[in-house]
Structure formats: C-alpha cells, structure tokens
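Good morning, everyone, and thank you for making the time. Please have a look at the sequence and the model on the screen, and then I will talk through a few places in it.

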Amino acid sequence: MSRLAFGAMTFGGPSRYGLGKVDAQGAQAMVGAALDAGINLFDTADVYNEGQSETLLGEALRGCREEALIATKVGAKVGDGLLDCRLSAHHIHRSIDGSLRRLGTDWVDVYICHRPDFLTPLEETLAALDQVIRAGKARYIGFSNWPAWLAARAIEIQKREGWSRFVVAQMYYSLVGRDVEAEVVPCALASDVGLMVWSPLAAGFLSGKYTDADPSGGGGRLATRTSFSVGATAEARARWSPILEAQHRIARARGVPPATVALAWVGQRPAVSTVLLGATRPEQLADNLRAADFTLSEAEMAELEHLSRPESRYPQTFLPRVYEDPAYHVVGRVPEPYARD
C-alpha cells in the first residue's frame, strides 16, 4: 500500500452529497497521474455521487487493474428503501455485487463498513463480511467512523469465530482534528489495524486557501459544507491560528505548499498506514503528491504536535498521575496519548 492514496469522492456529477465535480476525462487524467506518481490504492464508496464514483474509477483503471488496489465501502444510505442502508447481511451481499458491477472488476482489495450500524446484530455483519471474503469478492475488510469500543468488540468476535479480521480503519485525522488519538489509535496499534486517513486537510481548511481576505476559499468545499469541527469562519481561523502560522512558516522554509506540511504530519503519526488525497483538478493533485517524498524533521513534528494537541479528557487526564505517583509502584513511561506535557 502506497504512503499516499487517491480518494475518488469527487468523481461524477452533482448528488445529494454535492461533491461530484470530476467527469470521465478528468477522472482518467487524475488516476493516470496518481499511478505515475506511485500511488497504488484508490478509494471510493457505493454512495459517492450515487454510484458514479465507482463507475468512473472502474473505467479509469480499465487496463491496469492488476497495478491498483481498490477500496470501496458499504453501509450508507444508497436509496429510499428500508433495506438500502446499514450493515445487514442482505444489504452487504447486494451492495458488494453492485459495487463490483460498477467498478467492472471481480474483486475489491478492501471492503469497508462506512459507518456503524447499531440496529443490526454485530455478529450478522461480521459473518456476512467473512462470507464476502470467502467468496473471493474482497481481499480484506475494514471499518470507517466506528468508535474504538465497537471496533475492539468486533475484532474479538472475529478472532473467536475464526472469521476474516478487520485490518483497516478509515478515519478522519488532521492537524486540527486529533480526536482519534484518544481511543481509536491505541485500539488500532493493539489490534494491528492500519489507519487510512480521510480528509487530512480538514476539507481544505489546511490547504492555505481559506484566508481573511477570501474566507470562502474561492468557493471551496467548506464554503457550502461544514461537516467538521472546523470551518471557513473567522472564529475557526482564530482558534487554530498558532497551528496555521507554524504550518505556513515551515512550508515557506522548506519551499513546499502548506498542504504538504499537513499531509506529511499526519502521515508520520503512529498507526497511520496511508493518507487519502482528494482533488478536483490535476494541478491540485500534483501539489498534494509532493508530500510523497517529503518528511518533517523531529523538531518540526514536535512543534506541530505541541500546538495542535487536543485537550485531554478522563481517563487520559488521570492515567499520568497513576504512572508517575510512587505510591502506585508503577514503573515505566506512559505511552501516548496518555503522557503528561
């Protein structure tokens, strides 16, 4: 799996998600550029632009399928019927067949549960995923946007039953969105699960295009869609200004775009296996691809880590005291994210 991966969420026309901006010709160009740059993992989902993303990605990879790894997802609402969503066995089996048909392939390399389903019994979901693997329709499975406790429970059930095990966690992670470090990252490290990071630029917030002079970012994604804890607002820019200032200063000193610094930072964090790049234009992709050969120094990583460190919550706030108090007779260094400043 390449250090950077390509996310095809923008492939297709307008949809309920409002992110379809890339036509067939643009998809061909960007997939070709990604392959030429050494990217071998391409991510999509059945719900992206009502299936258009899978279709255009499959067409763009036609003739070079053996060179590429494809990840797609299941579980989001893809229709108006009662069975057109969630993670029931019925929906999983129907969805994988639909994804394979649109992608024009016999298998996907990674099949990911797009979101948790608290109505379907977990064992039913996991058994169905194992059947997908055994049928040769997918090579590996993973989860996205799941809480750590649910992922840990699922992995224990998979081990107990001898079913195919989760090996990928596709999660939101960025310099201004580090919530996964509290529980998901420790869970992933303990369970040999690799993080596939989505939106490492926080929907473009860390790209450098959202400024006081142009808060809309030239009509960027955050101008119309704010699904993160950050947004294209003066309040958000003020809140994260120390991070942004350090990011831009490092970028200027190293002669790279600000996005390269943000991508490199998250790519060098523990448990991260690959970082998804999204783009709507070839030049945007070319800028982001610069992160493939860029590495931040220990000092640069430490500065950005310190400035962006989220506020700890219990039990993280309590554990350092346990490790450091001689009365507890605990010997050893407390690991991240439980270390005290």
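Let me begin with Ser95, which sits in helix H3, the helix running over residues 89–103, and please keep in mind that what we are looking at is a predicted model. Is Ser95 buried or exposed? Its relative accessibility is 7%, and since anything under 20% is called buried, Ser95 counts as buried. If we set aside the neighbours within four places in sequence, the residues in contact with Ser95 are Asp46, Val74 and Tyr111.

Tyr111 takes us on to the largest nonpolar core, which has 90 residues, and in which Tyr111, together with Phe11, Phe42 and Phe166, touches the most other members. Helix H9, covering residues 258–267, supplies the largest share of this core, namely seven residues.

Finally, a word on the cysteines. How many disulfides does the structure hold? It holds zero, a disulfide being a covalent bond between the sulfur atoms of two cysteines. As for individual cysteines, Cys64 is buried at 12% relative accessibility, and Cys187 is buried as well, with a relative accessible area of 14%.

How values were computed. Residues numbered from 1 in each chain as written. Predicted model: local features only at pLDDT ≥ 70, side-chain atom pairs only at ≥ 80, totals over all residues. Heavy atoms only, no water. Core = buried A, V, L, I, M, F, W, Y, C linked by side-chain atoms within 4.5 Å. Buried < 20%, exposed > 50% of the residue type's maximum accessible area, 1.4 Å probe, protein only. Helix = DSSP H or I, 4+ residues; strand = E, 2+ residues; numbered from the N terminus. Disulfide = S-S within 2.5 Å. Contact = heavy atoms within 4.5 Å.
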